[in-house]
Amino acid sequence: MSDTDDDDSKQFEPTEKKLNEAAERGDVPVSREAALLGALGAMLAVCSLTLRDGAARLADTLAHLFEDPARWRLRNGADAAELIGLLLGASAQFVVPIFVIFLVAGLAVSFAQNAPSVALDRIAPKLSKISPAAGLSRLIGKKGAVEFLKSVFKLLAMGLVAALVLNAERGTVADTLFVSPAVIPDRILSLLVKLLSGVTAAFLIVAVADYAWTKISWRKRMMMTRQEVKDEHKQNEGDPHMKAKRRSLALDRRRRRMMADVPRATLVIANPTHFSIALRYKREEGGAPVVIAKGQDLLALRIREIAAENGIAVVENKPLARSMYDLVEVGELIPPEFYKAVAEVIHYIQTRDKSRPTSPASTVLH
């Protein structure tokens, strides 16, 4: 099957599992132009913020050190170490801010594109990376053609911007020939800042377009065939961890629905803290009482709490609660063997409520 046919057969969106696996391998959309944009932005920041003052401080320090060489007598190793320390300190004051700016720009570009991750697979040695045939196929293939067109467009865009900036500053450039040499560095730096500003602005458009194209291409490459979707579904179905997780989620959903139905109960039979059975029985609804909730230990206590909050009668009957918990499922009508016992409980509650019309309380019924 050709690559085109394979691409045409990828009609399904990538699953979360495939995207996560690709991220673990380091296969994420990354724009090279965004990295170059970060470098240009860092250069602009250096020229605008630190280069003039840093170079001036370094020049002053060097001038102070070497304008009177007789002051620095290198009589022993301690004198040499002191001089080297001064030179290194002055150089560090100039270099460290530049290094920090480039580091921050690089990290910002990386974080803006993707979350950081460690992908050892990306740095593992592969013969295909040094294969001449593979390299030639990349150069003359579709990707190579796109990269060539992008390079041509970048050169044209940057050349045009540079030409426009230099044309606008041609008067300043001509005047530089007639000014004091001490002013020339500032003139050059100012022109460089303007040139970098124009190139960075133009390259911002290139980087945004390239990242969008990279993202679309990556998403298209991540698309799945029908067979890949089926295989992944089978794999997930067969994974015991996935099954256990699904069972846990389903049980949790059922438990929440069951607890939400407790206020609909008309009575609760308890044992007295280990088991609770919530029943609903309305004569006008017809049929036998139905179990709408049941629970053990902490869940049983919660059922009793909800019943108390909603004024539902709670009757403690240990053997009946235990038997019904084992034999009746939620949503089922009680079986005939419990008719008599439950009828006695219902009759007791109704009789008690008629004789003492107060809020229902927990009652022990043997």
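At 41% relative accessibility, Arg-52 counts as partly exposed (partly exposed lies between buried, under 20% relative accessible area, and exposed, over 50%, with a 1.4 Å probe and protein chains only). This is a predicted model, in which local features need pLDDT of at least 70 and side-chain atom pairs count only at pLDDT 80 or more, while totals for chains, interfaces and linings use all residues. Residues are numbered from 1 along each chain as its sequence is written, and side-chain values use heavy atoms, with hydrogens and water left out.

**View A. Arg-52 pairs with Asp-186.** Their side chains form a salt bridge (a side-chain nitrogen of Lys or Arg within 4 Å of a carboxyl oxygen of Asp or Glu) at 3.3 Å, N to O. Because Asp-186 sits in helix α10 (residues 184–222) and Arg-52 in helix α3, the pair ties together parts 134 residues apart in sequence. Helices here are DSSP runs (H or I, at least four residues), numbered from the N terminus. Asp-186, at 39% relative accessibility, is partly exposed.

**View B. Lys-154 meets Glu-33 in a salt bridge.** The closest N and O atoms are 2.9 Å apart. Lys-154 belongs to helix α8 (residues 142–168) and Glu-33 to helix α3 (residues 32–66), so this pair links parts 121 residues apart in sequence. Lys-154 is buried at 14% relative accessibility, and Glu-33 is buried at 3%.

**View C. Arg-256 and Asp-252 share helix α12 (residues 240–261).** The two are four residues apart, about one turn of the helix, and their salt bridge spans 2.1 Å, N to O. Arg-256 is exposed at 51% relative accessibility; Asp-252 is partly exposed at 30%.
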